[in-house]
Amino acid sequence: MNYRSILFTTAIATMGAFSFGHSPVSAHSLPANSPLLTASISETPQPKVSQSFSAASAAPAAFNQLETVLNQHLGQPFAWGATGPTAFDCSGLTQFAFRQALGLNLNRTAEQQFQQAQRIDATAVRPGDLVFFSYNHGQTIDHVGIVVNGNHLMIDAQNCGVIRESYATPWWQPFIAGYGRVLTHQ
């Protein structure tokens, strides 16, 4: 059993059983040959995943443009290292969406985007901000999502594709490493 297998097993034992398809330890965080990719994990109820979202009528123009691009790519598949337009990994999605919608060039990886973004407090988060996750207590940044309108909602690319989901769920919350802003004129 390798280090990642031990880490994953420990996380399962600590947090209890949850769906691998929506867990923060997703297929894109494991090596392709990992036996965990075929592991059977009991499921607990999951939130309904929506294939579209709408911004409030008062949303800034920049977010509206970003929203349009994100809506066009909901449901597309995950692929490690993919930067669109037909498949994405998490940072590939954020990079693609900001470039397509606003001509803003984000760095390639979640870790690099974390360094690039202006840090903001959780109480200041608004649509268009980024939410970053670390699976190893902040030693690395391993995942990123784009905050959208609603109650703690984000759009991210993970092993089940590009989806809209809550980052306040029990399986994401312990892994939040911070929030960042790249749209400073919202």
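Biologist: Happy to look at this with you! How many bridges join β2 to strand β3, and how do the two run?

Modeller: This is a predicted model, where local features need pLDDT of at least 70, side-chain atom pairs count only at pLDDT 80 or more, and totals for chains, interfaces and linings use all residues. Residues are numbered from 1 along each chain as its sequence is written, and side-chain values use heavy atoms, with hydrogens and water left out. Strands here are DSSP runs of E with at least two residues, helices are runs of H or I with at least four, and both are numbered from the N terminus; two strands pair if DSSP finds at least two bridges between them. Strand β3 covers residues 143-148, and β2 and β3 run antiparallel, joined by four bridges.

Biologist: Thanks! Which residue of β3 is the bridge partner of leucine 130?

Modeller: Leucine 130 belongs to strand β2, residues 130-133. Its bridge partner in β3 is isoleucine 146.

Biologist: And on β6, which residue partners phenylalanine 133?

Modeller: Strand β6 (residues 176-181) is also joined to β2 by four bridges, and the two run antiparallel. In β6, the bridge partner of phenylalanine 133 is isoleucine 176.

Biologist: Are the faces of β2 covered or uncovered?

Modeller: Buried means under 20% relative accessible area, exposed means over 50%, and partly exposed lies in between, using a 1.4 Å probe and protein chains only. Leu130 and Phe132 on one side are buried, as are Val131 and Phe133 on the other. Both faces of β2 are therefore, by that cut-off, covered.

Biologist: Is arginine 181 buried or exposed?

Modeller: Arginine 181 is found in strand β6. Its side chain and that of aspartate 129 are joined by a polar contact of 2.8 Å, meaning a pair of N or O atoms within 3.5 Å; within protein, one must be able to donate a hydrogen and the other to accept it, and residues adjacent in sequence count only if both atoms are side-chain atoms. Because its relative accessibility is 11%, arginine 181 counts as buried.
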